[in-house]
Amino acid sequence: MDQKRRDRIRLRLASWAFTTRRVPQGAATGILAPKGRPEAGDLLLARVDAIGQHGDLHMVNGRRRHLFVGNEIVVAYGNRYASNQYEALVPETLGPCQLVAGGGMASRVVSWHASMKAPTQITPIGLLSDPSGRRMNLRDYALPAVEPPTEYRPTPVAVVGTSMDSGKTQSAVYLVRGLIAAGLRVGYAKVTGTGAGGDYFWLKDAGADPVLDFTDVGLASTYRVGAEEIEGALVSLVSHVASHGVDAVVLEIADGVLQRETAALLESPGFSRLVGGIVLAAQDSMGALAGVQWLRERPTPLLALSGVLTAAPLQIAEAREATGLPIHDREGLASPEVAIELLGRAQQHLEAKASGWIGAA
């Protein structure tokens with residue numbers, strides 16, 4: 001048996017992580033020796049050396065598989081920004097590094113939350129290569145460019161947060177449920193963050209169709225990606241979702257509004273042009289007030305508050321008095337009346353901009 005055939009068998013037996021989901025496994029025909037400097041999005045075969053924080057791997061098919069020492073996995077290099085977990089950077093060599101996200105990201109941890117265990121240790125076996133012998137990168141498998149529909153453009157509503165774990169995905173899930181309950185077809189896209197299957201499959205279970213994220217446009221993560229490229233990812237994702245003939249688009253923006261890439265996106269002309277309104281998920285009333293003040297200095301209107309604070313009636317009362325905004329828990333967002341009212345306000349804003357009543361940003 002020749003080396004190429006042994007490589008193909010080895011790759012077929014490995015566990016392919018969620019981040020690789022756009023890559024046809026048959027396209028990988030070789031394993032390049034671990035030489036050179038990796039780049040974000042490069043695909044690699046790695047061996048698990050020691051189990052740490054991430055003891056399982058989110059697979060392409062949605063299943064979480066338990067990891068054991070000696071397992072071989074296919075993941076992607078990437079930078080990670082997660083204030084409640086790790087900050088990690090693409091290493092400068094193809095030496096041992098860490099698995100820093102359950103969705104399948106190889107990186108080098110540079111700082112971490114005090115609650116985190118030591119990261120899972122992995123050793124790269126080699127970079128994946130295509131039949132031409134060229135190293136494979138997620139960018140090579142991005143969705144092709146598509147023009148948005150000209151006859152009708154569905155209105156996007158964005159869910160942003162005051163921080164990681166402020167309830168953004170839950171708010172997006174229940175807003176999708178509310179819009180579907182109102183009789184609409186709803187698509188979803190996560191524009192920034194780290195490739196992970198949890199949010200993706202939760203939105204699919206909620207009924208959003210299609211469900212896309214930044215990995216669909218060739219990015220393993222968006223940390224340390226330029227503002228212009230992230231804005232391009234937003235435009236591409238919205239165009240792809242709209243091309244499926246949906247009535248509404250729910251967008252999710254990762255982390256908090258002060259995170260560098262999130263802030264740049266919220267201030268970009270593309271965001272202001274495409275998005276009709278924002279639902280802000282907050283951890284508590286003080287965070288909500290700070291987030292509202294920050295967002296009110298930007299052109300896209302705030303529609304409502306949601307998120308973790310809605311579990312505490314006293315936090316709701318404080319936030320409502322301080323901001324004057326409506327506050328919706330997940331049951332409220334799942335209500336067709338509330339969801340339609342939020343979408344309607346977002347649509348009115350975009351129509352007012354288009355008619356010249358509101359100046360372009």
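**Figure 1. Helix α7 lies across strands β12, β16 and β17**. In this predicted model, local features need pLDDT of at least 70 and side-chain atom pairs count only at pLDDT 80 or more, whereas totals for chains, interfaces and linings use all residues. Residues are numbered from 1 along each chain as its sequence is written, and side-chain values use heavy atoms, with hydrogens and water left out. Helix α7 runs at about 160 degrees to β16, where axes are lines fitted to C-alpha atoms (for helices over the stretch in contact) and angles run from 0 to 180 degrees between N-to-C directions. Contact here means heavy atoms within 4.5 Å. Helices (H or I, at least four residues) and strands (E, at least two) are DSSP runs, numbered from the N terminus.

**Figure 2. Six strands form an open parallel sheet**. The strands follow the order β14-β13-β15-β12-β16-β17, and two strands are taken to pair if DSSP finds at least two bridges between them. Strands β14 and β17 stand at the edges with a single partner strand each, so one side of each is left without a neighbour in the sheet. From one strand to the next, the twist averages 20 degrees.

**Figure 3. The buried residues of helix α8 (residues 313–323) are I316, A319 and T323**. Seen down the axis of α8, these buried residues fall within an arc of 70 degrees, so they line one face of the helix; the arc is that of the directions from the helix axis to the C-beta atoms. An α-helix has 3.6 residues a turn, so residues three or four places apart point the same way. Buried means under 20% relative accessible area, exposed over 50%, and partly exposed in between, using a 1.4 Å probe and protein chains only. The cover over the buried residues of α8 includes α7 (285–295) and β17 (302–306), while the face turned away from the buried side carries the exposed residues P313, L314 and E321. Just after α8, G324 takes a positive phi of about 75 degrees.

**Figure 4. R21 and D213 form a salt bridge whose closest N and O atoms are 3.0 Å apart**. The pair links distant parts of the chain, with R21 in the loop between β1 (15–16) and β2 (30–32) and D213 in strand β14 (residues 211–213), 192 residues apart. R21 and D213 are both buried. A salt bridge is defined as a side-chain nitrogen of Lys or Arg within 4 Å of a carboxyl oxygen of Asp or Glu, and the structure holds 16 of them. The side chains of R22 and D216 also meet in a salt bridge, at 3.3 Å from N to O. R22 lies in the loop between β1 and β2 and D216 in the loop between β14 and α4 (227–242), so this pair ties together parts that are 194 residues apart in sequence. R22 counts as partly exposed at 28% relative accessibility, whereas D216, at 1%, counts as buried.

**Figure 5. E267 and R298 form a salt bridge whose closest N and O atoms are 2.5 Å apart**. E267 lies in the loop between α5 (260–266) and α6 (269–274) and R298 in the loop between α7 and β17, so the pair ties together parts that are 31 residues apart in sequence. E267 is partly exposed, with a relative accessible area of 43%, whereas R298 is buried, at 19%.

**Figure 6. A cis peptide bond joins D209 and P210**. Omega of this bond is about 10 degrees, and P210 is found in the loop between α3 (197–206) and β14. Most residues other than glycine have a negative phi, and most peptide bonds are trans. R224 is a residue other than glycine with a positive phi, near 70 degrees; R224 is found in the loop between β14 and α4 and is partly exposed, with a relative accessible area of 48%. D255 likewise has a positive phi, near 60 degrees, but D255 has its place in strand β15 and counts as buried at 11% relative accessibility.
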